[in-house]
Amino acid sequence: GVAGKGSAKAGPSQLSAQRGPLPLEELHEGTVVDGYVRNKTPFGLFIDIGYVKDARLDVPKDMWPQFKRRDEVLGMRVECVDLERQWITVSLEDAELEGAPAQ
């Protein structure tokens with residue numbers, strides 16, 4: 001038989017699923033997402049959650065020093081998706097940084 005012939009090669013369709021950020025239209029309020037701290041600015045912490053725009057993490061300002069660039073942040077909840085302004089806001093129920101010591 002010829003079963004399995006040519007099956008070792010991954011098709012381009014499988015790769016394209018992993019390529020590029022997702023559109024905001026596919027993000028819904030209430031969704032739980034994970035991401036990485038991309039930037040810290042006077043306006044807030046911005047997290048790369050895999051969409052075309054970074055999400056602003058809504059946490060108290062006194063917690064900002066806990067977050068460093070490239071830190072993984074788990075279990076954030078999408079609070080707001082504003083398609084008009086291309087704006088995403090996420091929050092943490094209980095701020096949990098991967099690798100941070102448990103209190």
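Let's start with the fold. 5 strands close into a barrel. The order is β1-β2-β3-β5-β4, and the pairing is mixed. On average, neighbouring strands of this sheet are turned by 55° against each other, direction ignored. Keep in mind that this is a predicted model.

Now the β1 and β2 pair. Strand β1 covers residues 32-41, and strand β2 covers residues 44-48. They pair in the antiparallel sense, over 5 bridges.

Next, the charges. How many salt bridges are there? The count comes to 4. Take Arg38 with Asp48. The closest N and O atoms of Arg38 and Asp48 are 3.1 Å apart. Arg38 is in strand β1, Asp48 is in strand β2, and 10 residues separate them. So this pair links distant parts of the chain.

Arg38 has another partner. Its side chain meets that of Asp54 in a salt bridge, 2.6 Å from N to O. Asp54 lies in the loop between β2 and β3, while Arg38 lies in strand β1, so the pair ties together parts that are 16 residues apart in sequence. Put together, Arg38, Asp48 and Asp54 are linked in a network of salt bridges.

Arg38 has a relative accessible area of 40%, so it is partly exposed. Asp48 has 26%, and it is partly exposed as well. Asp54 is at 24% relative accessibility, and that also counts as partly exposed. The cut-off for buried is under 20%.

On to another salt bridge. The side chains of Arg77 and Glu79 meet at 3.1 Å, N to O. Arg77 is partly exposed, with a relative accessible area of 33%. For Glu79 the relative accessible area is 33%, again partly exposed.

Last stop, Thr89. Where does it sit? Thr89 is in strand β5, residues 87-92. Its relative accessible area is 10%, so Thr89 is buried. The Thr89 side chain makes a polar contact with the side chain of Trp87, at 3.4 Å. Which residues does Thr89 touch, leaving out those up to four places away in sequence? They are Arg56, Asp58, Arg77, Val78, Glu79 and Cys80. That list includes Arg77 and Glu79, the pair that meets in a salt bridge.

Terms used
Residues are numbered from 1 along each chain as its sequence is written. This is a predicted model: local features need pLDDT of at least 70, side-chain atom pairs count only at pLDDT 80 or more; totals for chains, interfaces and linings use all residues. Side-chain values use heavy atoms; hydrogens and water are left out. Two strands pair if DSSP finds at least two bridges between them. Helices (H or I, at least four residues) and strands (E, at least two) are DSSP runs, numbered from the N terminus. Axes are lines fitted to C-alpha atoms, for helices over the stretch in contact, and angles run from 0 to 180 degrees between N-to-C directions. Buried means under 20% relative accessible area, exposed over 50%, partly exposed in between (1.4 Å probe, protein chains only). A polar contact is a pair of N or O atoms within 3.5 Å; within protein, one must be able to donate a hydrogen and the other to accept it, and residues adjacent in sequence count only if both atoms are side-chain atoms. Contact means heavy atoms within 4.5 Å.
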